[in-house]
Amino acid sequence: MTVLTMRGTYESLDSSRDQYYRDTRFPDIWASLEKAPLSLVGDLEAISGVATVTTRIALNANLDVPSTDAPALGRLFSVPENRSASLADIHVKTGRYVDPESPDEAVVSRNFAVANGFTPGDTLRAVINGRLHGLRIVGTGISPEHTYAIPPGAIIPDNERYGIIWIGRRALSSMYDMEGAFNEVLIQLAPGSKERAVMSDLDQVLRPYGGLGAYPRSRQPSHLMVQSELDQNRATGTIIPIVFLAVAAFLLNVVLSRMIATQRSEIAVLKAFGYSNAEVGWHYLQFAFVAVLIGTGAGIFLGIALGQSMVDLYGEFFDFPNLEYDASPVLMIIAVGVSLVAATIGALGSVRRASRLPPAEAMRAEPPASFKPGLVERWGFGSSLPPAGRMILRNVERTPVRSLLSIVGVAYAVAILVIGMFMFDGVDRMMELQFGETQREDLAVNFNRSLSPSVRYDLARLDGVTRVEPFRVVPVRLRSGQLTQDSGITGIPRESRLRRIIAASGRVQPLPPSGVVLSDLLAERLAVEAGDVLRVEVLEGPRHVRDVTVAGVVEDFLGLSVFMDLDALHRLVGTASVSGAFLSVDDHRRAGLNAALKTVPAVASVSSPDQSLASFEEQLDESLLISVFFILGFSSVIAIAVIYNGARVALSERGRELASLRVLGFSRREVAVLLLGEQAITTVAAIPLGWLLGYGLAAAVAAGVRTDAYRIPFVVSTNTFMLAALVTILAALLSGLIVRRRLDRMDLIEVLKTRE
Amino acid sequence: MGRNPWTRLTQTNVDPALESPGSNPVFRVQDVTKTYHMGQVSVHALRNINLELYTGELVVLLGASGSGKSTLLNILGGLDVPTTGRVFYGHEELSGASTRALTLYRRHHVGFVFQFYNLIPSLTARENVALVTEIAHAAMKPEEALELVGLSDRLDHFPAQLSGGEQQRVAIARAVAKNPQVLLCDEPTGALDLETGRMVLRVLERVNRQTGTCTAIITHNAAIAAMGDRVIQMSSGRIASVDRNAERTSVEAIHW
Ligand SMILES: Nc1ncnc2c1ncn2[C@@H]1O[C@H](COP(=O)(O)OP(=O)(O)OP(=O)(O)O)[C@@H](O)[C@H]1O
Ligand SMILES: [Mg+2]
């Protein structure tokens, strides 16, 4: 069932994403440039390996959103007149598509509309090219390019203050003075063509038009986020079912061997009548098969139901249209097959033991269990224990393998909890470093074009600004031997206090006077270390190609960043300009400042780390809820199954003993303690083991989850450990409670009447 | 344990020192019936039983299989409740008492011996007895109780390492170790050979004499009846007769 739920979820998400990509004709390659005439399209189509070319106009604009006092950033895209033939189509959720003839209609991204309460019919005010335009919202839509809408320069989505807006091409080109031109190219590859080759040809063609370097689908930010989410889903979809199957095999083993133990005499009679070992063995294997078939039957049903609801939850999160849970028959066969094998292995051992018995021996009752003072007592701890405590200990020690397996089973439940929740610890740590240590500004201002460095004095004069630190982001292509990587160099003043480069360890990385500091993921990609030389192709201005020393490598966890001293960057590019500034702000005058910034035409966006963090946490909570729900569910099921099963087996093996105790005047509670003490020991022993196991697996997961966008720092908080223990203990208590109810209903007289 | 509703009885109503039976009823059974309903059929295990049992006396219960002996004993021991009628232990009513009260009653006042010994397999002889002496008050030492049944040299043996007779004697030691006011034995020799059975009965007789515990023994062996103060004959859920022996015959003197 878990197999179905987990793998099925992955497959469904994967296939519905593919479907979504197909429906919207998600491009294979993207390339931005400054401006090129539409006549260039012919040259682009002539590149070998290109199947479809779509051009469009993309730009940033300041949006006037009534709900926030800070300006919101809009990413505006032109949509083509001929919708069906072009790439990167959108999926309209509400309202309608824009009328290509209309001068002011717009479709806005659904998340942005929802976050700001926009509905079709509303008007959105946008500052484009310094002029204010009123856009009529006619619909809301989604697109796979923006499943995660991450503002430029940010690391996390911000639905409230970053919106995607689609406008008819004619309308947008006239607002942006782009008639007959384009600044973005989307390409769909012909089957069998080489992505790399096409990209380099494309860069060649676009170079004279200010090409900023093509990038493939695998680097598309939203795709990257979704992909890593799916990868993660696949990883858990593999680990968890394996644990589940192991636990199921163990349970089946215990139950069957118990059943066979109670049916020894029946086996003997069968064999006395002349049935062969194989026939007897087969008889009991059939039990196992029936159990598995009923189990998988129910499992498939439940698995599909659960998978459907999980997919629905994810679907809401990812915003895939037509999300449908479909478990492929192959998947079902795998699930049933794996379960069957697990059950057979589990059952075989006990069946073998039973059918090996000579009939005469099997007809006698099972020999009384031989007890001896166990290890713990021999160590000398026993003398202080009351007889009840010794009973518990000796029972645990009498079946060491079973006890051990139970402990391991419960430990896995703990481990799953640790793995599941450590992700949030990791993200927490990441956010803490990013927003507590790295981004120390109150506001980050992005300009819509490069401005002279002297703009900092203008900013400093604004009321409420206490400190200004300019920054510059320059698009570059980094080359080291055969390896290339497109990125952006971020230049900040060396003495910067508002932005610092922080390693994952929390250490501050000083910025050298010249040379670049790379994040280690990027250094790994380019196979360089500190001291090596990189060739840097600047993709703006005079487009110099220069050799730059790698002055340092920083082990951070956010993507592929490159840092450089601002002055050194100016020298590298050959011009001095800035792309934005970080501001420290007097808290009391913040509102006024926001309003003032809203009216500055050169300001494309203003973001504040506090607000980004808040909106991110809101989103995180949503996904957290989904994951926690499933992780809690799965691990509780494991813990309950193991503990409940253990207690049930103990109850059936020792029912007589427990009834005797009741006769002797032990209260129900005392008897329950005796029975469940064993389970309590199991649980208590399992928790530290599970912590260890979870810690190890979490380390493996942390090492495994490394994408271009981020990696998870490996930290496991005390809270996670405590919560894992707490959930396990609760699950144990719950199963104890269920068994206790059975215990209370036990018929004393009935038990005592029978022979032992 | 101060709130135990049964402790009071120990001091006031039942004095173990009282040797002469007849003066002080430990149990009063009034119009007790026990009916089992199984679908359409009802089985009348007990029909209108009236009976008194006294401090220090040894009562033997005889009767055909299915006549209701065990049912009666279980009701006296607080393991079962009558369908109608009332049962008093001293002044306290057992019929209608709560599960909790009955548990405490068994814990502090009743010793049981069954045909099957029901020892705890994971505990040694000494620990089996200690299990009970630790929760009862005014109990003997486990060693003392085992001495009483002649098992001083088997203290640290597990049940699996003891013979049936020895196991039954451990069970008796466990039953008497708490100094119970009543000792209820359901076919204590049922699973034992003659000689071992005789030894077990001797132990019961001695314990009854030494501690003055009101003792009831169910048996299928009519010869054993001679060892009791009174003999109760049951048949089809009724008491057919109650006979008083002029004098108890010691187990040694009985031949069967
Ligand atoms: N749980 C029960 N459900 C239905 N009938 C029962 C139950 N327990 C006992 N009986 C019936 O009650 C009657 C008396 O049973 P009881 O065990 O008291 O007999 P007994 O005199 O002890 O017999 P034996 O000497 O064989 O032990 C029997 O007919 C029996 O079938
Ligand atoms: Mg009986």
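This report covers the interface between chain A and chain B and the cavities of a predicted model. Local features need pLDDT of at least 70, side-chain atom pairs count only at pLDDT 80 or more, and totals for chains, interfaces and linings use all residues. Residues are numbered from 1 along each chain, and side-chain values use heavy atoms, without hydrogens and water.

**Interface**

Contact (heavy atoms within 4.5 Å) involves 31 residues from chain A and 27 residues from chain B. The two chains bury about 2,500 Å² between them, 63% of it on carbon and sulfur atoms. Buried area is the accessible area (1.4 Å probe) lost on being put together, summed over both parts.

Chain A and chain B share one salt bridge, a side-chain nitrogen of Lys or Arg within 4 Å of a carboxyl oxygen of Asp or Glu. Glu670(A) pairs with Arg107(B) in a salt bridge, with the closest N and O atoms 2.2 Å apart.

**Cavities**

The structure holds seven cavities of 30 Å³ or more. A cavity is a set of points on a 1 Å grid, over the protein atoms alone, where a 1.4 Å probe fits but cannot get out; lining residues have an atom within 4 Å of a point. The largest cavity has about 170 Å³ of space. Its lining has 15 residues, with Thr399(A), Arg402(A), Ser403(A), Glu678(A) and Gln679(A) nearest the centre.

The table sorts residues by class.

Technical notes:
Chains are lettered from A and ligands numbered from 1 in the order in which they are written. On a 1 Å grid over the protein atoms alone, a cavity is a set of points where a 1.4 Å probe fits but cannot get out, and a pocket is an open set with protein on both sides within 12 Å along at least five of seven lines; lining residues have an atom within 4 Å of a point. Grid points are joined across faces, edges and corners, and a volume is the space filled by probe spheres set on the points.
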